[in-house]
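Visitor: I would like to go through this structure with you. Could we settle a term before the details?

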Amino acid sequence: MSILELTNVNKHFGGLHVSKRISMAIPEGELSAIIGPNGAGKTTLFNQVTGYITPDSGSIHFNGVDVTGMKPERLVKMGVVRAFQVASLFYDETVYDNIFMAAVAFHGKNWNVLASKDSYQEVDEQCQSIMTKLGLRNKAKLKAFELSHGDQKVLDIAIALTMQPKLLLLDEPTAGMSPDERVNMTQLIKAIHREFKLTTVFVEHDMDMVFGIADVIRVLVQGELIAEGNAEEIQKNLAVIDAYLGHEVL
Amino acid sequence: MNHRLETTALWSAYVLLFGGMIFVKNEHAIHIAAQIVILGLFAISFNILFGNTGLLSFGQALFYGLGAYVTGMIAKKFGGDHFLWALLLVPLVAMAVALVLGALSLRLSDVYFTMLTLAFAQLVWGITIKWYDFTSGDDGIQAIPKPEFLAGGLHYYVFAFLVVTVCLYLLWRLHRSPFGTILKGIRQNPTRVNFLGLNVFRHKLLAYVISSCFTAIAGGLYAGLDGSIHPDMFVWTMSGGIILMTILGGMRSFFGPIIGVAVFVLLEDVVGRSTQYWSFFIGAIMIVVVMLFPKGIVGVSRQFAGLFAKKGDPLEHS
């Protein structure tokens, strides 16, 4: 069964048709990529799936439930969680506190106005476990702004994972990274997918990474879904080559 | 400086300094100390909104005046024995008012929120001035009676100090609670808080209600201090003064605001004796602080403490 199903999703920004009758079904457990040139509407599509903006028409179903136009806070509770193109962190707080906030939200302790911060063992345990899994443990006391760019992106993903998503959306996880950081991030995403058995969709421009790890690749060009398939099929797809990959790559 | 050490040091200093005042025989000094703790409670409550949540309300004087008038009017009408329950009524009235005003103003963001809070406070100030039959208008309320056991400067100081200390303890718990942490998150990145599955507006509203509630308690305590209150307690210079004191003391620290209050009140007292232009000195000090030490007095102290601290411990944070 597909965990996420988009049916004829349309979105306009003024005269610009940013999502053109997009339909796709993402099966549970899939690790997939969305690729396409700048301005193809990839982030806009993410914004619609996560409830940040509402489609003009069409519907989005998550786990069989119609979630079209639902607010982000409700979608997060249902398990639709994202990381951001520019790491969206609490920059003045420590790595631990960044994850702590997510854990507090996840455990529904956010309304407690009198308890001490460290009075919830399960919250702390979750923070420690996430930091260990993502290799952030020795940076727990550093403030988010002190981290390297790569670690900031990892922390962004750590926050998302703390929410125990059922569907994880990663918006350009390697954007702005050094080659080494890219390799690490690629391995990390693969490891996360394996460890958490998590349906993961990522937007990415790094083709080595896309063809290296994605089970399925979907190609958006000017708001339109023009192709869908595995690495080999996409690399041979003439429409994709014309619109995005270019001939010299192959 | 280590966070826990700093907290312990500041709490100890607070208790020793203001608790120790009960042994001071000087009536004037006790009166100054009472002003500092009462305004200190106002400033620290305000900073829950400002320093923690990032909401600059320019109208918190509304709740300060509200607390004073609820206490003052009830005690004046029904007698000194009713002073205490009037004071107990204050947080309830304040929370009800804050719930309505917060629901209206927190829908707006940034400067629009600030302007609307200012407008509400000025509106209440206007009503207080004009509605002479109910509020005594511009005359204010004088000779507010208190119960027998609170009479005299020292007795009232002990009472105010105890009430403020309990309030500060509760606010301090809030400051370091999960809710308090989420408030800091809202200040830095509300979108991300939303993507943690939380409703930002409701968290802001609760912060606003709690902050206003404690501000009103400070106002209620002030009504008993001199037994004299005035519509000026609602006016925008009152709200503005608290903002200045908070910035002066340091808005990123729990105790920062009360330190700013102490500096203000003491300067007014000391400099005010020799010249009526004491506010000139406050102005000059504010310019220096904002330009050279934007993190306030506590921020500067932390930097100095950092200079003497062991080097090479990047994990330490203030």
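This is a predicted model: local features need pLDDT of at least 70, side-chain atom pairs count only at pLDDT 80 or more; totals for chains, interfaces and linings use all residues.

Visitor: Is B:Pro91 buried or exposed?

Guide: B:Pro91 is buried, because 22 C-beta neighbours lie inside 10 Å and the cut-off for burial is 20 or more.

Visitor: Where does B:Pro91 sit?

Guide: B:Pro91 belongs to helix H4 of chain B, which covers residues 83–105. Shortly before this proline, at B:Leu89, H4(B) has a kink of about 25 degrees.

Visitor: What is the span of H4(B) from its first C-alpha to its last?

Guide: The 23 residues of H4(B) reach 32 Å, close to the 33 Å expected at 1.5 Å a residue.

Visitor: What covers the buried residues of H4(B)?

Guide: The cover includes helices H3 (61–78), H5 (110–130) and H10 (200–225) of chain B. Among the buried residues of H4(B) are B:Leu87, B:Val90, B:Pro91 and B:Ala94. In general, residues three or four places apart in an α-helix point the same way, because there are 3.6 residues a turn.

Visitor: Turning to the contact between the chains, how many residues does each chain give?

Guide: Chain B gives 22 residues and chain A gives 30 residues.

Visitor: Which element gives the largest share on the chain B side?

Guide: H8(B) does, with seven residues. That side of chain B divides into eight nonpolar, 10 polar and four charged residues.

How values were computed:
Residues are numbered from 1 along each chain as its sequence is written. Chains are lettered from A and ligands numbered from 1 in the order in which they are written. Two residues are in contact if their C-beta atoms, placed from the backbone, lie within 7 Å. Helices (H or I, at least four residues) and strands (E, at least two) are DSSP runs, numbered from the N terminus. Ala, Val, Leu, Ile, Met, Phe, Trp, Tyr, Cys and Pro count as nonpolar, Asp, Glu, Lys and Arg as charged, and the others, Gly among them, as polar. A residue is buried if 20 or more other C-beta atoms lie within 10 Å of its own, exposed if 12 or fewer, and partly exposed in between; C-beta atoms are placed from the backbone. The expected span of a helix is 1.5 Å times one less than its number of residues. The bend at a residue is the angle between axes fitted to the seven residues ending there and the seven starting there.
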